[in-house]
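Reader: I'm new to looking at protein structures and keep getting lost. Could you walk me through how to read one?

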Amino acid sequence: MAVADKIENAPAERKANPVKSFITGGFGGICNVLSGHPLDTIKVRLQTMPRPPPGEKPMYTGTFDCAAKTIRQEGVRGLYRGMSAPLTGVAPIFAMCFAGYAVGKRLQQRGEDAKLTYSQIFVAGSFSGLFSTFIMAPGERIKVLLQTQGTGPNGEKKYTGMIDCAKKLYKEGGLRSVFKGSCATMLRDVPANGLYFMAYEMLTDEYKRRYNRPNVDLIPAIFAGGLAGVFYWIGGMPADVLKSRLQTAPEGKFNGVRAVFVDLLKHEGITALYRGFTPVILRAFPANAATFFGIELANAFFRLVAPNF
């Protein structure tokens, strides 16, 4: 049976509700950050570590070496450096992402109970990337700067925290500096979000079809969410490396994401686009499983107290 036929024969679903998605997505985002930030810190440090001189070893040889050195030099708290930025912004970021997904679905649905094809779900998911970029980009800029400061040879720490970092960026270059890397963030999130939501819907639809269930149960939802996160990073990793390099580079070094790409290919080769992939995949499943645990928990709450919402 074709993929599109599976969707058309699935049980009818109510038209997407952006307000409900905004609330449940925000709750899921908080669960994501709390569970996944340490491995995100390791990922960013691997992506942005300085290029070693010829004949010298790199700052980190891999995921576990980076984790060990971070803990040894900064304690366990070093793995949570920069968490204030995503934790503060995660509710609106994920809320906007899931609301954007709901809007993208709603724009394509022709009736109250219309079921979308998986290609339409991919488009709706990609649309969500546009919604969240404008909140995501400045938060990502601040996060990666806080995560990487103090890792260089002189160990200098320029920022005392999220607010101090935002103030100094604005003072140095205005809003343009705060939003540096927005295009790279969009290049990551538009296709990766499409893969994310499409994978989740495919997995949960298959579960509901196979077991004849009207709604996905909590454990399968968590599992599908974890796998969806893996698909997100398979598609989004190259753009994420470019984004991290651009956002942590000194002012004037790169003229945009294209310049970062050319420099990376010239000096490190195509495989550098997947630097930090190990901590990303180690983080992707549990963090995104936690996201959908939060979302499905919130959905269950709404089904209990406001079934028509």
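Reader: Let's start with D40 and K43 in helix α2: about how many helical turns separate them?

Author: Before I answer, keep in mind that this is a predicted model. D40 and K43 are 3 residues apart in helix α2, which spans residues 18–48, so about one helical turn separates them.

Reader: And what do their side chains do there?

Author: Here's the general idea: side chains of opposite charge can pair when their charged atoms come close. In this model, the side chains of D40 and K43 form a salt bridge, with 3.3 Å from N to O.

Reader: Are those two residues buried or exposed?

Author: You read that from relative accessible area, where under 20% counts as buried. D40 has 6%, so D40 is buried. K43 is buried too, at 3% relative accessibility.

Reader: Which salt bridge does D40 make with a residue of another helix?

Author: Look at K143. Its side chain meets that of D40 in a salt bridge of 2.7 Å, N to O. Since D40 sits in helix α2 and K143 in helix α5 (residues 118–148), this pair ties together parts that lie 103 residues apart in sequence. K143 is also buried, with a relative accessible area of 3%.

Reader: Where is Q47, and what does its side chain contact?

Author: Q47 is in helix α2. Its side chain has a polar contact of 3.0 Å with the side chain of D240. Leaving out residues up to four places away in sequence, Q47 touches M237, D240, V241, S244, R245 and R275. Q47 counts as buried, because its relative accessibility is 0%.

Reader: Where does α7 bend?

Author: At A192, by about 25°. After α7 comes N212, and its phi is positive, near 55°.

Reader: One last thing: where is the confidence lowest, and where is it highest?

Author: For that, check pLDDT, the predictor's confidence in each residue. In the protein chain, helix α1 (residues 3–8) has the lowest mean, 34, and helix α9 (residues 257–267) has the highest, 94. Over residues 1–12, pLDDT stays under 50, and the model has 13 contacts beyond four places in sequence for that stretch. For the protein chain, the mean pLDDT is 85, with 93% of its residues reaching 70 or more.

Definitions and conventions: Residues numbered from 1 in each chain as written. Predicted model: local features only at pLDDT ≥ 70, side-chain atom pairs only at ≥ 80, totals over all residues. Heavy atoms only, no water. Bend = angle between axes of the 7 residues up to and from the residue. Helix = DSSP H or I, 4+ residues; strand = E, 2+ residues; numbered from the N terminus. Salt bridge = Lys/Arg side-chain N within 4 Å of Asp/Glu carboxyl O. Buried < 20%, exposed > 50% of the residue type's maximum accessible area, 1.4 Å probe, protein only. Polar contact = N/O pair within 3.5 Å; in protein donor to acceptor, adjacent residues only side chain to side chain. Contact = heavy atoms within 4.5 Å. pLDDT = per-residue confidence, 0-100.
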